[in-house]
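I opened this entry to look up salt bridges and helix packing. My notes follow the model shown here.

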Amino acid sequence: MKNINGGILRKIKSLPTLVFQVNHPTKHLQSQLTTNTQHDNEMFCQNISFNDLANDVDHQETTCEYETHHFFQESNTMEENKLLCDFEYKCPPGGKDAIILYTTSLRGIRKTFEDCNMIRFLLESFRVVYYERDVSIHIEYREELWRILGGRIVPPRLFIKGRDIGRANEVVGLHEQGILKKLLHDIPLISSNFPCNGCCGIRFVLCLSCHGCCKIIDQDQGKDTNGYRIRCPKCNENGLIKCPVCS
């Protein structure tokens with residue numbers, strides 16, 4: 001009996017709310033909309049705060065990664081400069097910020113030819129840009145090498161940023177110790193897998209004036225001497241000129 005009376009009392013207490021909803025449906029709807037709107041605004045603000053927080057975290061992570069990369073890059077540069085200072089400064093022409101390799105393509109001395117190929121192979125494996133100067137093709141390169149080192153030095157000889165790294169034995173030893181890779185830091189990489197279209201990587205082409213014979217007809221005296229020949233001023237001793245594409 002008490003349970004029945006309690007249920008009746010709860011129904012009677014809820015009558016005013018039902019009567020208000022029936023008699024004032026607009027006010028009830030507005031109050032519901034206001035409550036829902038407030039709830040939506042709170043959820044929207046929470047989402048905005050969460051998104052802003054996530055964006056701030058991403059920005060901080062990106063900044064931290066950039067600073068870390070920049071720090072390691074500066075550290076590598078400082079380490080490279082410190083290592084280069086251990087080698088004597090004897091800079092070839094145009095070799096202040098580049099790699100210069102003096103080689104020979106003659107096979108008269110097998111050991112010399114193989115040493116040249118060894119250093120060339122190491123540089124190509126790192127895919128760095130280097131400038132090869134073959135003393136057997138251009139005699140000025142041989143005189144240039146002798147003048148830099150102060151004697152009749154036999155190639156190969158490697159220079160990195162004006163520093164004399166040495167011959168094949170020294171270069172191979174540095175590579176085995178992991179030092180050569182550090183010395184090549186900041187050197188530009190090769191952007192193409194194909195050799196030069198003009199010279200196929202030889203860096204020299206046939207002279208267009210004398211066509212490799214090293215002689216041309218002197219136009220001033222040619223009429224009286226039936227074609228007086230003089231030394232071609234444009235090519236070297238082999239009738240070659242530097243490649244106009246890659247030099």
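Helices here are DSSP runs of H or I, at least four residues, numbered from the N terminus. The model is predicted: local features need pLDDT of at least 70, side-chain atom pairs count only at pLDDT 80 or more, and totals for chains, interfaces and linings use all residues. Residues are numbered from 1 along each chain as its sequence is written, and side-chain values use heavy atoms, without hydrogens and water.

I found a salt bridge joining the side chains of D115 and K111, at 2.8 Å from N to O; the term requires a side-chain nitrogen of Lys or Arg within 4 Å of a carboxyl oxygen of Asp or Glu. D115 is buried at 11% relative accessible area, whereas K111 is partly exposed at 48%. I took buried as under 20%, exposed as over 50% and partly exposed as in between, with a 1.4 Å probe and protein chains only.

I then noted the salt bridge of D164 with R157, at 3.0 Å from N to O. D164 is buried at 11%, and R157 is buried at 15%.

How many salt bridges does the structure hold? I recorded 6.

Finally, I turned to α3 (residues 110–126) and α5 (residues 168–176), whose axes are 10 Å apart at an angle of about 30°. Axes are lines fitted to C-alpha atoms over the stretch in contact, with angles running from 0 to 180 degrees between N-to-C directions. Among the α3 residues meeting α5 are K111 and D115, with contact taken as heavy atoms within 4.5 Å.

Conventions:
Helices (H or I, at least four residues) and strands (E, at least two) are DSSP runs, numbered from the N terminus.
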